[in-house]
Amino acid sequence: MSSIPSFADTTFTDPARIRNFCIIAHIDHGKSTLADRMLQLTGVVDARAMRAQYLDRMDIERERGITIKAQNVRLPWKVGDEEYVLHLIDTPGHVDFTYEVSRALEACEGAVLLVDAAQGIEAQTLANLYLAMDKELEIIPVLNKIDLPAADPDRYAEEIAHIIGCEADDVLRVSGKTGEGVGPLLDRVIERVPAPVGDPDAPARAMIFDSVYDTYRGVVTYIRVVDGKIVPREKIAMMSTGATHELLEVGIVSPEPKPSKGLGVGEVGYLITGVKDVRQSKVGDTVTSARKGATEPLTGYQEPRPMVYSGLYPVDGSDYPDLREALDKLQLNDAALTYEPETSVALGFGFRCGFLGLLHMEITRERLQREFGLDLISTAPNVVYRVVGEDGREQIVTNPSDWPDGKLRETYEPITKTTIIAPSEFVGTIMELCQSRRGELGGMDYLSESRVELRYTLPMAEIIFDFFDSLKSRTRGYASLDYEEAGEQLADLVKVDILLQGEAVDAFSAIVHRDAAQAYGNKMTVKLKELIPRQQFEVPVQAAIGSKVIARENIRAIRKDVLAKCYGGDISRKRKLLEKQKEGKKRMKTIGRVDVPQEAFVAALSSDASADKPKGR
Ligand SMILES: Nc1nc2c(ncn2[C@@H]2O[C@H](COP(=O)(O)OP(=O)(O)OP(=O)(O)O)[C@@H](O)[C@H]2O)c(=O)[nH]1
C-alpha cells in the first residue's frame, strides 16, 4: 500500500474504484483524530502541514474540540496494484447535530462505526448506528484508542458484535493516535463498502448535502453525483425551484478545494455558481443540467424541525439589518436554523429563532458574535407548545408572549424518547432523576453484566436545559444520553410573567409546568432585584400567573444627584458629568418608568440554561 496523490486529482473516476463512507461515533470517541490519520496515511496532507482536527475548520470547533459541520475529503488508496478513490465524510457526534449526520449518510454507501475501546457503546453510538442501518449502509465496526491502558477491546468487541449481529473477530482495532490499524481499516472499507451505482449516460442528478457561504467565493455547494456528470461552464438547474445558474467552478476537496474538469457518477465535490442569494442553494435539493435535465429529483432529506426557540436581539438597535443579513448567511450553512422577525417591548426589534437544541443555539449565537461582530441578547429558550382554547381553537406557541390569555381547555408539551447508558450501579440514582423530571420508564436492558440501557419518555422541556449536567454529576460522568422527539402529551402548563412596577416584561415571560411556576417566579424576582439598580422611587418586582401574583421583591428607592458633589464652581465639570449620565441612559431600556440597563437583561437571561455549556455525550 502506498499513497498516490495524483490519482486523487483525476476526476470522472470509474465508479467501481470509488468508495464513499463516513465515520459515525459517540462524541469524543475519536472520529476527527482518525480522520487526521487517514489524511496523513494517504499522503493528502504531509506531516508538516498537519494540524490536529484538520477537518474541523471553524474556530469554535477547534476550541471546543467538537465537530459541528460535516466535512468531506477525497483520499487516494491502493490495494495491491489497484488504485481507489475514497470520499470520507466526517460527521458531528452531538445529539443536536444528528441532522448533519443524516445528511452525510445520504452521500455514502458505508459507515465506519467507531467505538472507544475504553468506554464501549454509548447512547449516540446507538442513535447513529440506527440511522446508518435505516439507510442500509454497510457498517464496519471498529474499536478505537487501543493504545490506552484502560482499553478493553475484547470486552467491547463482544458488546458491538452483540448489537450489530456480527462476529467479535470482525471488529477491527485501531488507534487514531498512533495510526495503528488505520491502513487495514482503509483496506476493509474498499473490500466491504459497495461501489456507487449510477447511470453515467443519464441526465445529471446530484444531491446537495451541504452549502456554505464564503465571503470571497459566494455560495459553495457540496454535492454527490448520482447519475450523469456535472461539468463547468454548463448551466445547471435546481430541481425544487427550477432556478438555473451558470456553473463557474466544479472541483474536489483534497484536503483543500481544487478545481476539476467535472464530477462523474459517485463522485463527491463542490460547485460554485456565483449565486449571491444564499437561499437558492437548498440542502436536500437535486442539481441537474438546465438543458435536457432529469425529470425525477432524488429523494429529499427529511426537513429538520426546530425544537427550541429563543429571541435574538441586537444590543444596539441599529444593528438589526446586520443581524438579518448574518442570519441569512448562517442559514445557508445551517439548514436547521429558522428565524422570523419579532418585536419585544423590552428589547426592541429582533428575531424569533428556532434551533435543534441548546448547543445549536449557543453555537449560532457565538458564530453571529464572532463571524459577524454582532453584540446580542437572547431570551430564555423554550420548546414548542400546542394549546386548545375554550372555544376549541388550536394554536402552536413558540413564544411565551403568544400564550393566550384566559382559560385554556388543553395544553400540550413535546416529549422525547430518551436513552441513557450507564454502569448498572447508577440505575437507582438515574431513575430518581428521571422521576423528578416527570419521566416514565419505558424499558431497561443489560448491554453486558455491568452496563445498562434505560429507556424513558421525558418532557422535552425537562431534558434540553440542565438534565445532562445533572445526569453527569450523579453518575460521575459515566452516563451517556441520547434523545429524539416523540410527539406530545397533555400537561398542566402556565405562563409566568415577570412585572416591573406592574408592567410585564415580555422578555422574561416563561411557560412552565404548574409545579415549577413558584420556583421560576422566586428565582427571577430575586435575580432581578439584584441586577436592576435602585431608582428614584420604589420598584416592585413581581411574578404572576395571569392576574395572580405568586412572588414579589422590592427594589428600594434612592435619589442620585450627580451634581451633588460639585456645588460651586466649575461649569465644564458639571456639563461633563451630566453628559456621562446621558451616555449611561442610552444603554438603558425604559420599562414603564423603570430604567433597566442592558447588562441586567443579559445577566438575567443568560445565567441559567444558556450558561450551562451542555456538551451532550
Ligand atoms: N489515546 C488515544 N486518544 C485518542 C485517540 N483518538 C482520539 N483520542 C483523543 O480523544 C479525544 C476526542 O477525539 P476527537 O477526534 O476530537 O473526537 P471526535 O469523535 O471527533 O469528537 P467530535 O468531533 O466532537 O464528535 C481527543 O482528546 C483525542 O486526542 C486514540 O486512538 N488514542
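Select lysine 145 in the loop between S5 and helix H6 (153-164); helices (H or I, at least four residues) and strands (E, at least two) are DSSP runs numbered from the N terminus. The model is predicted: local features need pLDDT of at least 70 and side-chain atom pairs count only at pLDDT 80 or more, while totals for chains, interfaces and linings use all residues. Residues are numbered from 1 along each chain as its sequence is written, and side-chain values use heavy atoms, with hydrogens and water left out.

Lysine 145 counts as partly exposed at 22% relative accessibility (buried is under 20% relative accessible area, exposed over 50%, partly exposed in between, with a 1.4 Å probe and protein chains only). Show its contacts (heavy atoms within 4.5 Å): leaving aside neighbours within four places in sequence, they are Asp28, His29, Gly30, Asp116, Ala117, Ala151, Val174 and Ser175. The lysine 145 side chain reaches the backbone oxygen of aspartate 28 at 2.8 Å. This is a polar contact, defined as a pair of N or O atoms within 3.5 Å; within protein, one must be able to donate a hydrogen and the other to accept it, and residues adjacent in sequence count only if both atoms are side-chain atoms.

Next, select asparagine 144 in strand S5 (residues 138-144). Asparagine 144 is buried, with a relative accessible area of 2%. Its side chain reaches the backbone oxygen of histidine 29 at 2.9 Å. Not counting residues up to four places away in sequence, asparagine 144 also touches Gly30, Leu114 and Asp116, among others.

Now colour the residues that UniProt lists, in an unreviewed entry, for "binding site": Asp28, His29, Gly30, Lys31, Ser32, Thr33, Asn144, Lys145, Ile146 and Asp147. UniProt positions are given in the numbering used here, feature names are shortened, and annotations may be inferred rather than shown by experiment.

Move to aspartate 285, in the loop between strand S13 (268-272) and strand S14 (286-289). Aspartate 285 is buried, with a relative accessible area of 6%. Its side chain makes a polar contact with the side chain of serine 240 at 2.7 Å. Beyond four places in sequence, aspartate 285 touches Ala206, Met207, Ile208, Met238, Met239 and Ser240.

Select strands S16, S17, S15 and S18 next. They form an open sheet in the order S16-S17-S15-S18, with antiparallel pairing (two strands pair if DSSP finds at least two bridges between them). Strand S16 (338-344) and strand S18 (376-378) stand at the edges, each with a single partner strand, so one side of each has no neighbour in the sheet. S16 and strand S17 (residues 348-355) are joined by 7 bridges. To find one of the pairs, pick glutamate 340, whose bridge partner in S17 is arginine 352.

Go on to helix H12 (residues 467-474), where Phe467, Phe468, Ser470, Leu471 and Lys472 are buried. Their cover includes strand S21 (408-423), helix H10 (427-436), strand S23 (451-459), helix H11 (460-463) and strand S24 (480-490). After H12 comes arginine 476, with a positive phi near 50°.

Finish with the largest nonpolar core, which has 46 residues; Leu368, Ile420, Phe467 and Leu471 have the most contacts inside it. A nonpolar core is a set of buried Ala, Val, Leu, Ile, Met, Phe, Trp, Tyr and Cys residues joined through side-chain atoms within 4.5 Å. Helix H8 (residues 320-333) gives the most to this core, with 5 residues. Another core, of 37 residues, lies apart from it and includes Ala107, Ala111, Ala151 and Ile164.
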